Amino acid sequence: MNRNQLTLLLFLVVVLGIAGLTVYNKQNDVRGKGDPAIGKKLLGELPVNDVAHISLKQDTNELSLIKKDGRWRVRERNDYPANYSEISDFLLKARDLKVVQSEQVGPSQLARLSLVPGQGTNAALVLELKNQKENTIQSLLLGKKHMQKQKGPSPMGELGDSGWPDGRYVKVGANSSTVAVISDALSNLEPKPEQWLDKDFIKVEKVRSITVNFPVTTNSWKLSRETETGEWKLADAKPTEQLDSSKASSVSNPLSSPSFNDVDTKSTPEQLGLDKPTLVSLETFDDFAYTLKVGQKTNDNYSLALNISAQLPKERAPGKDEKPEDKTKLDKEFKEKQQKLEEKLNQEKAYEKWVYLVSSWTLDPLLKERAQLLVEKKEEPKKDEKAPATIEAPKPADSAAHPGTNGTASSSGSK
């Protein structure tokens with residue numbers, strides 16, 4: 001190698017060294033500054049108070065939560081009231097979502113992250129937030145959940161190898177090429193209408209009588225009592241029928257705090273068995289009357305339609321020897337109580353618009369047949385039946401008369 005070649009080689013080494021140092025310093029600058037998107041709000045300053053329509057779509061499933069008549073409602077359930085607290089919690093969470101990771105992803109890689117809208121098991125969950133005029137405020141694609149890997153062997157074996165969700169891949173806007181990871185998996189955000197319904201329901205209190213009329217009339221029955229703590233009595237009881245108090249107690253406090261699983265908006269009364277229902281009538285000491293039409297049982301749910309009324313007195317009947325100073329107080333208490341009952345009636349009357357799917361464990365105690373409420377009869381032996389004959393065991397042989405081992409006399413000696 002001559003001097004010129006050596007000089008050229010040294011020059012190249014110096015140039016490469018300077019270039020490498022420049023790249024290293026730039027990388028350090030990037031590491032020091034970090035991704036500018038990290039830590040920022042995913043949806044910017046989201047005006048949650050302007051949101052009047054939440055739309056969720058994934059594959060063939062859709063959900064529309066809309067503000068109507070001052071309330072959030074579920075459009076897919078004939079505008080049934082939605083759970084306000086669930087919606088409020090979600091909007092506040094959406095407002096505060098922050099980016100923990102961000103990168104540019106090409107179109108060919110979006111399907112791998114389940115960030116392509118449309119149909120299919122891996123389709124993205126499309127979220128749109130709109131205002132009262134149906135203008136889109138913000139749109140978001142939610143993809144695969146980001147999984148936290150298990151460190152070390154899992155106590156669950158292979159079942160725990162996949163880890164657990166600690167975030168989710170998302171993309172703001174359909175045209176963006178930036179994919180972000182947020183620290184919340186938003187696992188409860190699904191286009192399932194039944195999950196967003198307000199499950200507050202009727203509340204039957206202070207029951208005075210219960211009447212159940214089955215399609216087969218011999219199974220029907222009525223229980224009533226004279227006071228709130230009084231003993232239940234079976235109406236039209238036959239001489240051979242005796243009400244079992246323990247069995248009656250299982251139906252004595254029906255629908256005091258019921259709920260439902262879903263609202264049916266597609267089936268006909270014939271399909272639900274409501275054309276030939278079991279009728280349940282409940283009357284209370286507050287003068288409320290509930291009539292329930294119970295249809296057939298499907299997948300552990302009964303179909304249920306309601307009718308609610310009340311005959312609330314407008315005035316209080318004064319008591320005997322009531323003092324004037326007591327009248328004012330009692331009239332005020334009566335008025336306040338009647339006002340609360342009027343509010344309860346108006347609230348529960350609104351439930352008459354829909355048909356409900358109610359769990360079997362809620363209604364099964366009410367749907368006992370008449371025979372299931374009675375004391376069980378003990379079977380008595382028939383008079384013409386004779387007791388089975390007893391066979392006496394043979395008496396043992398008399399040892400004095402038969403001293404021999406085989407029951408025969410022994411020889412006194414040999415001749």
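Biologist: On a 1 Å grid over the protein atoms alone, a cavity is a set of points where a 1.4 Å probe fits but cannot get out, and its lining residues have an atom within 4 Å of a point. Which residues line the largest cavity here?

Modeller: The largest cavity is lined by K203, E205, T284, D286, F288, Y290 and K344. This is a predicted model, where local features need pLDDT of at least 70 and side-chain atom pairs 80 or more, while totals for chains, interfaces and linings use all residues. Residues are numbered from 1 along each chain as its sequence is written, and side-chain values use heavy atoms, without hydrogens or water.

Biologist: How many cavities of 30 Å³ or more are there, and what is the volume of the largest?

Modeller: The structure holds one cavity of 30 Å³ or more, and the largest cavity has a volume of about 30 Å³, a volume being the space filled by probe spheres set on the points, which are joined across faces, edges and corners.

Biologist: K344 is in that cavity lining, so to speak of its helix, which residues of α6 are buried?

Modeller: The buried residues of α6 are F334, Q338, L341, K344, L345 and E348, buried meaning under 20% relative accessible area, exposed over 50% and partly exposed in between, with a 1.4 Å probe and protein chains only. These buried residues of α6 pack against β15 (288–298) and β16 (301–310), and F288, which is in the cavity lining, falls within the range of β15 (288–298).

Biologist: How many residues does α6 have, and what does it span?

Modeller: Helix α6 runs over residues 324–349, which is 26 residues, and it reaches 37 Å from its first C-alpha to its last. For the protein, the secondary structure comes to seven helices and 17 strands, taken as DSSP runs of H or I (at least four residues) and of E (at least two), numbered from the N terminus.

Biologist: Changing topic to the open sites, what lines the largest pocket?

Modeller: A pocket is an open set with protein on both sides within 12 Å along at least five of seven lines. The largest pocket has a volume of about 270 Å³, and its lining is made up of E86, D89, F90, K93, D184, L186, S187, N188, L189, Q195 and W196.

Biologist: And the second largest pocket, which residues are closest to its centre?

Modeller: The second largest pocket has a volume of about 230 Å³, and of the 15 residues that line it, R71, R73, P81, A350 and W354 are the closest to its centre. The elements that give two or more residues to that lining are β3 (71–74) and β4 (80–81).

Biologist: I was also looking at S220; is it buried or exposed?

Modeller: S220 counts as buried because its relative accessibility is 12%, although it lies in a loop, the one between β10 (207–213) and β11 (221–224).

Biologist: What is S220 in contact with, beyond its neighbours within four places in sequence?

Modeller: Apart from those neighbours, S220 is in contact (heavy atoms within 4.5 Å) with V212, N213, F214 and R370.

Biologist: And S246, where does that one lie?

Modeller: S246 lies in helix α4 (residues 245–249) and is partly exposed, with a relative accessible area of 49%. S246 and L373 are 127 residues apart in sequence, yet their C-alpha atoms are 8.7 Å apart in space.

Technical notes:
Expected span 1.5 Å × (residues − 1).
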